[in-house]
Amino acid sequence: MNKTITPAPVRKTVRVNAPPQRAFDVFTAGMGRWWPKSHHIGKSDPETFVIEPKPGGRWFERGVDGVECEVGKVLVFEPPSRLVLAWQLSADWQYDAGLITEVEVRFLPEGANATRVELEHRDLERFGERAEGFRATIDSEGGWGGLLALFAQNASQ
């Protein structure tokens, strides 16, 4: 019997002191305000990070030199409750149109004026032999956990 072991998805949750619509808007339209400038793939320093607000829209960074670098695309855009992005960066942090892992983000009301944000980065087996190492990177403090903490701080202001 052949048994294939696939890496578990990375799952993170954060509570935001804002209603779901604000949390969704900050995560998407406001990504350039909270995504750290240290997390970029372009050759120049990043100017901003963009999620185009529609299925099929691009997810990219724009450098201070005006060059745009693709990160992925929007698969599902359902404000204020759900967003699914195609992550198309290889384990070497290079855009790869043939590679798609999914990042799903759900915005769930919690009380009168708060939101529980649940993120899942899945399909990591598509990284092949580098899947476990890549998973460890995005599951680290510098990965999705730290990114969501920065997002929550920005959305709660």
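Where is Trp93 placed? Select Trp93 and you land in the loop between β5 and β6. (Helices are DSSP runs of H or I with at least four residues, strands are runs of E with at least two, and both are numbered from the N terminus.) Before going on, a word on what is on your screen. This is a predicted model, with local features needing pLDDT of at least 70 and side-chain atom pairs counting only at pLDDT 80 or more, while totals for chains, interfaces and linings use all residues. Residues are numbered from 1 along each chain as its sequence is written, and side-chain values use heavy atoms, with hydrogens and water left out.

**Stop 1**

Trp93 is partly exposed, at 34% relative accessible area. (Buried means under 20%, exposed over 50%, and partly exposed in between, using a 1.4 Å probe and protein chains only.)

Now pick Ser90, which is also in the loop between β5 and β6. Ser90 counts as buried, with 15% relative accessibility. What is Ser90 in contact with, leaving aside its neighbours within four places in sequence? Show Leu99, Phe127 and Phe134 and you have the answer. (Contact means heavy atoms within 4.5 Å.)

**Stop 1: a cis peptide bond**

Jump to Pro79 and Pro80. The peptide bond joining them is cis, with omega about 0°. Pro80 sits in the loop between β4 (68–78) and β5 (82–87).

**Stop 2: two domains**

Colour 10–124 as domain 1 and 126–157 as domain 2; these bounds come from an automatic or database domain assignment. Taken over C-alpha atoms, the domain centres are 11 Å apart. How many residues of each domain are in contact with the other? Domain 1 brings 34 residues and domain 2 brings 21.

Together the two domains bury about 2,600 Å², with 69% of that on carbon and sulfur atoms. (Buried area is the accessible area, by a 1.4 Å probe, that two parts lose on being put together, summed over both.) There are 12 residue pairs in polar contact between the domains, both residues at pLDDT 80 or more. (A polar contact is a pair of N or O atoms within 3.5 Å; within protein, one must be able to donate a hydrogen and the other to accept it, and residues adjacent in sequence count only if both atoms are side-chain atoms.)

To see the domain 1 side, select β1 (10–16), α1 (20–28), α2 (31–34), β6 (101–109) and β7 (115–122), the elements that each give two or more residues to the side touching domain 2. β1 gives the most, with six residues.

**Stop 3**

Three salt bridges cross the interface of domain 1 and domain 2. Asp123 lies in the loop between β7 and α3 (131–138). Its phi is positive, near 70°, in a residue other than glycine. Asp123 counts as buried, at 19% relative accessibility.

**Last stop: Asn154**

Finish in helix α4 (residues 144–155), where you will find Asn154. Is Asn154 buried or exposed? Asn154 is buried, with a relative accessible area of 15%. Not counting residues up to four places away in sequence, Asn154 touches Arg22, Val26, Arg33 and Trp34.

Note on methods:
A salt bridge is a side-chain nitrogen of Lys or Arg within 4 Å of a carboxyl oxygen of Asp or Glu.
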